[in-house]
Amino acid sequence: MKPCACGSGKLFSNCCSPFLSGKALPKTVKQLMRSRYAAFALTGYGQYLLDTWHPDSAPAVTADDLGSVDSNWLGLDILDSSQQGDSGTVEFCAHFLDENGKPKTHRENSRFVRIKGRWYYLDALSLDYGGT
Ligand SMILES: [Zn+2]
């Protein structure tokens, strides 16, 4: 029994695992945000990242590439979120160690859209690389 990588405080099996394994679809933008963060943090979930990326903005990389990105994610703080109909935003800070082992923060306001009942990550409204 391990805590979820997204930092929700819940067990992985009760949090992002059902989404990452394809057993359930995230119902809210926050659930999608958390599960995508967990996918990045755990590595090996490249296909999930591609499957939840809007086709218009998805990077031209393979699931293997995405799933093997070496990351040192330390935690996720969700600052704000809103959802209206089939679109939503989540503002968050993701903490990580850079290549020199220095703690950094990636702050982003992500946009999400729902198509045929599935939420997709569309793009970021603003980017702010802090922690310098
Ligand atoms: Zn989680």
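Which residues are the protein donors of the zinc ion? In this predicted model, the donors are C4, C6, C15 and C16, each through its SG atom. They lie 2.3 Å from the zinc ion. The four donor atoms subtend angles of 106 to 114 degrees around the metal. The arrangement is therefore tetrahedral, as all angles lie between 85 and 135 degrees.

The donor residues follow the sequence spacing C-x1-C-x8-C-C. Both C6 and C16 belong to the segment before α1 (17-20), so this pair ties together parts that are ten residues apart in sequence. C6 has a relative accessibility of 0% and counts as buried. C16 is also buried, with a relative accessible area of 1%. The cut-off for burial is under 20%.

Two or more lining residues come from each of α2 (29-42), β2 (87-97), β3 (103-115) and β4 (118-130). The largest share, four residues, is contributed by α2.

In total, 18 residues line the largest pocket. Nearest its centre lie F40, W73, F92, H106 and E108. By class, twelve lining residues are nonpolar. Three others are polar, and three are charged.

Definitions and conventions. Residues are numbered from 1 along each chain as its sequence is written. This is a predicted model: local features need pLDDT of at least 70, side-chain atom pairs count only at pLDDT 80 or more; totals for chains, interfaces and linings use all residues. Side-chain values use heavy atoms; hydrogens and water are left out. On a 1 Å grid over the protein atoms alone, a cavity is a set of points where a 1.4 Å probe fits but cannot get out, and a pocket is an open set with protein on both sides within 12 Å along at least five of seven lines; lining residues have an atom within 4 Å of a point. Ala, Val, Leu, Ile, Met, Phe, Trp, Tyr, Cys and Pro count as nonpolar, Asp, Glu, Lys and Arg as charged, and the others, Gly among them, as polar. Donors are N, O and S atoms within 2.8 Å of the metal (3.2 Å for Na, K and Ca); water is not among the atoms, so sites may look incomplete. Four donors count as tetrahedral if all angles lie between 85 and 135 degrees; four count as square planar and six as octahedral if opposite donors are over 155 degrees apart and all others between 65 and 115; anything else is irregular. Buried means under 20% relative accessible area, exposed over 50%, partly exposed in between (1.4 Å probe, protein chains only).
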